[in-house]
Amino acid sequence: MSLEIANIEKIYKIVSTQTVINALNGVNITLPTGKTLGIVGESGCGKSTLARLVTGLEVPNKGIITWNGLPVNNVNKGSFSTKKSVVQLVFQDPYSSLNPRQRIGDAISEIITVHKLVAKNLIESRTSELLALVGLADDLKNRYPHQLSGGQRQRVSIARAIAAEPNLLVLDEPVSALDVSVRAEVMNLLIDLREKLNLTYIFISHDLAMIRYISDVVAVMYLGKIVEFGSWEQVINNPKHPYTQALIHAMPDHTVIGNPESLAKTLEGEVPDPVNLPTGCAFHLRCIKATPACAFSTQTLIEISPQHLVACTEVSV
């Protein structure tokens, strides 16, 4: 089984101003089962939009996303009433994704009940099993979200996601809202669950240190396009695109926890307005290697070494 993202385009029309936002423009990715794809880029690059498309929450204007050959909109259709869901999403903020008036145990058992995954007399024991899987004590069942720490709440969110027995988990900035002291613990939990449950991950982050820690392959996005793609060793240890190199330069050395605030020290200028994209390479206005031709020539992904793709004509292999 694998996830296929083929020639995806997504635009949003703003009725009040009669303008169009180009959120995604020609995204292509193949992700084998059991692997983790890391997607990195600044805010507004299209990461979360792609997450919503993969989970079927939104529909692309062009292209198709399939899991095991079936469109994601079809494989998840009816999944709220029949058996497991193929794709689940873990949100950035665990507090806002949980019902503040619902006890933790009920929040998890609700998923099991709705998807009809076990017999009614086994729901409570399955809920306890899921809490144990994410490293939480069984006595937390009767607590409310506000009575838990941020790390505990995110573990509950993960338990709710895996309760539906998905094959693919989309993790949209899953640790960025947590204290630095608990980020590594949640990351280790995710790696452990991937191995135990044979899950496939899409891990979205602005932090390359987190991407390096968990990913098998990495896609670097800029203004709705992938500008570099390859294994984490290729992309992070041997970055070729000037944008990827700038992101790498912003990473502090010898640490798992990145520092996205340092990005501004490396990249000059602002991300262009997606309503009015620049001609040619979208990055040329901020690129230290840009030539006059970059303002006019469209950049496409080129394989510079086995399975290492870069969208830049100025790259030297």
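**Reading helices, burial and cysteines**

Student: Does Ser-157 count as buried or exposed?

Tutor: Ser-157 counts as buried, at 8% relative accessibility. Buried means under 20% relative accessible area, exposed means over 50%, and partly exposed lies in between (1.4 Å probe, protein chains only). This is a predicted model, where local features need pLDDT of at least 70, side-chain atom pairs count only at pLDDT 80 or more, and totals for chains, interfaces and linings use all residues. Residues are numbered from 1 along each chain as its sequence is written, and side-chain values use heavy atoms, with hydrogens and water left out.

Student: Where is Ser-157 placed, and which residues is it in contact with?

Tutor: Ser-157 sits in helix H6. Helices (H or I, at least four residues) and strands (E, at least two) are DSSP runs, numbered from the N terminus. Contact means heavy atoms within 4.5 Å. Leave aside neighbours within four places in sequence, and Ser-157 is in contact with Val-90, Pro-94, Ser-97 and Leu-98.

Student: How do I read the packing of H6 with helix H4?

Tutor: Two packed helices are described by the angle between their axes and the distance between the axes. Axes are lines fitted to C-alpha atoms, for helices over the stretch in contact; angles run from 0 to 180 degrees between N-to-C directions. H4 (residues 104-114) and H6 (residues 150-163) pack at about 15°, with axes 8 Å apart. H4 and H6 are therefore roughly parallel. Under 35 degrees counts as roughly parallel, over 145 as roughly antiparallel, 65 to 115 as roughly perpendicular and the rest as oblique. The H4 and H6 crossing is right-handed. Right-handed means the near helix is turned clockwise from the far one by less than a right angle; left-handed means anticlockwise.

Student: Which residues make the contact of H4 with H6?

Tutor: H4 brings Ile-104, Ala-107, Ile-108, Glu-110, Ile-111 and Ile-112, while H6 brings Val-156, Ala-159, Arg-160 and Ala-163. By class, eight are nonpolar, none polar and two charged. Ala, Val, Leu, Ile, Met, Phe, Trp, Tyr, Cys and Pro count as nonpolar; Asp, Glu, Lys and Arg as charged; the others, Gly among them, as polar.

Student: At what angle do H6 and helix H7 pack?

Tutor: H6 and H7 (residues 180-197) pack at about 15°, with axes 10 Å apart. H6 and H7 are therefore roughly parallel to each other. Their crossing is right-handed. H6 contributes Gly-151, Arg-155, Ile-158 and Ile-162 to the contact. From H7 come Val-182, Glu-185, Val-186, Leu-189, Leu-190, Leu-193 and Leu-197. The classes are eight nonpolar, one polar and two charged.

Student: How many residues of helix H1 are buried?

Tutor: Six of its eight residues (47-54) are buried, so H1 is largely enclosed by the rest of the structure. The buried ones are Lys-47, Thr-49, Leu-50, Ala-51, Leu-53 and Val-54. Just after H1, Gly-56 takes a positive phi of about 80°.

Student: How many disulfides does a search find?

Tutor: A disulfide is a covalent bond between the sulfur atoms of two cysteines. The cut-off is a pair of cysteine sulfur atoms within 2.5 Å. A search of the whole structure finds zero. For Cys-294, the nearest cysteine sulfur is that of Cys-281, 6.1 Å away. Cys-294 is buried, at 6% relative accessible area. For Cys-312, the nearest cysteine sulfur is that of Cys-287, 6.0 Å away. Cys-312 is buried too, at 15%.

Student: Where is Ile-304 placed?

Tutor: Ile-304 is in strand S11 (residues 302-305). It counts as buried at 17% relative accessibility. Val-315 is 11 residues from Ile-304 along the chain, and their C-alpha atoms are separated by 8.8 Å.
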